[in-house]
Amino acid sequence: MSATGDRRDRWRRHWDRHSKTYDRQMGFMDRWLFRDTRSWTCRQATGEVLEVAIGTGLNLPHYPPGARLTGIDLSEAMLEIAHRRAADLGSSVDLRQGDAEALELPDASFDTVVYTFSLCAIPDHRAALAEMTRVLRPGGRLLLADHVASANRAVRAGQRLLEVATVPLGGEHFLRRPIELVRAAGFTVGRHERFALGIVERLAARKPGPDATEVS
Ligand SMILES: C[S@@+](CC[C@H](N)C(=O)[O-])C[C@H]1O[C@@H](n2cnc3c(N)ncnc32)[C@H](O)[C@@H]1O
């Protein structure tokens, strides 16, 4: 197997192992740090929607009824839980195993791409954002929420220390700031909020294209 294949396999196994405890751990973070970010993000999704790295489907209850959702994730075990959640909710969602860094999806095929708390965990987040841009139609909407490098220097120093362990052991990055890459890719950022000492950032942005002036 190639070095990229080895790396992908390693993180797939990592997330398979963590699938059983994920909802409990994330529930704590949602309550105490991320607040209403899942509903803030998903309620802005329209049309053909792709959620990349959908995990166990914690966002599923927050999508509006008209959204036609496709979800991809590296981990089959995470996807199994998402399948059960979708069935319990009576939601129709096309769930597929896949790699955010190399999406097996056609160009310009989605109106909205959603990314929540995932770019921190994807090894090559630049490649993932490039793939997201490719599959989003011109003028399409990116909805992105994550924990990012804090606006506070002391907190950032703590995050730097934390990364010494979390990057090699859990693939978890704390010092990323995806909004900079989104702007550099020519997206127009509309709604944008940052809170909890700047650790949590959420945004809606438009890919350049015919409707890109309408930013919401
Ligand atoms: C912290 S969880 C976030 C899950 C979900 N987005 C949420 O908001 O709860 C990170 C997810 O990213 C997935 N992941 C990591 N690397 C990936 C990749 N290269 N391609 C697709 N999914 C990936 C993991 O399997 C895991 O489900």
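This is a predicted model: local features need pLDDT of at least 70, side-chain atom pairs count only at pLDDT 80 or more; totals for chains, interfaces and linings use all residues.
The ligand takes up the space of the largest pocket.

Which residues are closest to the ligand? Tyr22, Ala53, Asp73, Ala100 and Thr116 are the closest. They belong to a shell of 19 residues that surround the ligand. Sort that shell by class. It has 10 nonpolar residues, five polar ones and four charged ones.

Now look at single contacts. Arg38 places a polar side-chain atom 2.9 Å from an oxygen atom of the ligand. Ser118 also uses its side chain: one of its polar atoms lies 3.0 Å from a nitrogen atom of the ligand. Ala100 uses its backbone instead. There, an N or O atom lies 2.8 Å from a nitrogen atom of the ligand. How much of the ligand does the protein bury? Alone, the ligand exposes 600 Å². The protein buries 98% of that area.

Next, turn to the aromatic rings. A pair of such rings is described by two things: the distance of the centres and the angle of the planes. This structure holds two aromatic pairs.

Trp15 and Tyr22 form one of them. Their ring centres are 6.2 Å apart, and their planes stand at 75 degrees. Angles over 60 degrees count as edge-to-face, so this pair is edge-to-face. Trp15 and Tyr22 are both buried.

Notes:
Residues are numbered from 1 along each chain as its sequence is written. Side-chain values use heavy atoms; hydrogens and water are left out. A residue is near a molecule or strand if one of its heavy atoms lies within 4 Å of it. A polar contact is a pair of N or O atoms within 3.5 Å; within protein, one must be able to donate a hydrogen and the other to accept it, and residues adjacent in sequence count only if both atoms are side-chain atoms. Accessible areas come from the Shrake-Rupley method with a 1.4 Å probe; for residues, only the protein chains shown count as cover. On a 1 Å grid over the protein atoms alone, a cavity is a set of points where a 1.4 Å probe fits but cannot get out, and a pocket is an open set with protein on both sides within 12 Å along at least five of seven lines; lining residues have an atom within 4 Å of a point. A molecule sits in a cavity or pocket if more than half of its atoms lie within 2 Å of its grid points. Ala, Val, Leu, Ile, Met, Phe, Trp, Tyr, Cys and Pro count as nonpolar, Asp, Glu, Lys and Arg as charged, and the others, Gly among them, as polar. Rings of Phe, Tyr and Trp (its six-membered ring) pair if their centres lie within 6.5 Å; planes under 30 degrees apart count as stacked, over 60 as edge-to-face and the rest as tilted. Buried means under 20% relative accessible area, exposed over 50%, partly exposed in between (1.4 Å probe, protein chains only).
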